[in-house]
Amino acid sequence: MNGLNAILLLPVAFLAVFLESVLVGPRNVLGAQIDLLPALMVYAGLSQGIAAVSLLALCGGLWFDSLSANPLGASVLPLLFIGLFIYHQKALVLRDELFAQLAVGFMASALAPLLTVMLLLSAGQRPLIGWGSLWQWLVMAVGGAAFTPLFFQMFSRLKRFLNYQA
């Protein structure tokens, strides 16, 4: 039943964006905010359909932008690009392997802020970029890589818990 996981994808994305904005402890300790949406997009791209990927990019990006300093819609295109790329390459990725989940999660979490900054710069915005941005980028990439297998486990357990076992 992929339908149940696709339905649960948006509430989990909403909760992830909400927790990112409310929990300031990890941000104060690490000096950077871990973005959970690219990790969730990896799960969606490897295990859901194109409609779920597109809906997650649209809703998750708008929710994230509404609670951040980004202009509204700035995160939608990078998330959609990452999700569609992973969706079209999912036959090549061993999605059940921990190393593959970590590697793809790292790449997606590293690529999302870079694409967002490039989009902001091309739109004439002036984001704050400095040497500290490298540390923030590394924390976001490693944090996203760490959360990617957790999303796979969480949705696997939800599937086992909520579906009838034959």
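What we are looking at is a predicted model, in which local features need pLDDT of at least 70 and side-chain atom pairs count only at pLDDT 80 or more, while totals for chains, interfaces and linings use all residues. Residues are numbered from 1 along each chain as its sequence is written, and side-chain values use heavy atoms, with hydrogens and water left out.

A pocket here is an open set of points on a 1 Å grid over the protein atoms alone, where a 1.4 Å probe fits, with protein on both sides within 12 Å along at least five of seven lines, and its lining residues have an atom within 4 Å of a point.

Two or more lining residues come from each of α1 (2-22), α5 (76-88), α6 (98-122) and α7 (132-162), with α6 giving the most, six residues.

The second largest pocket, at about 280 Å³, is lined by 15 residues, with Leu 19, Glu 20, Leu 23, Leu 36 and Phe 147 nearest its centre. Here α1 supplies the largest share, five residues, and α1, α2 (25-30) and α7 each supply at least two.

Technical notes
Helix = DSSP H or I, 4+ residues; strand = E, 2+ residues; numbered from the N terminus. Points joined across faces, edges and corners; volume = space filled by probe spheres on them.
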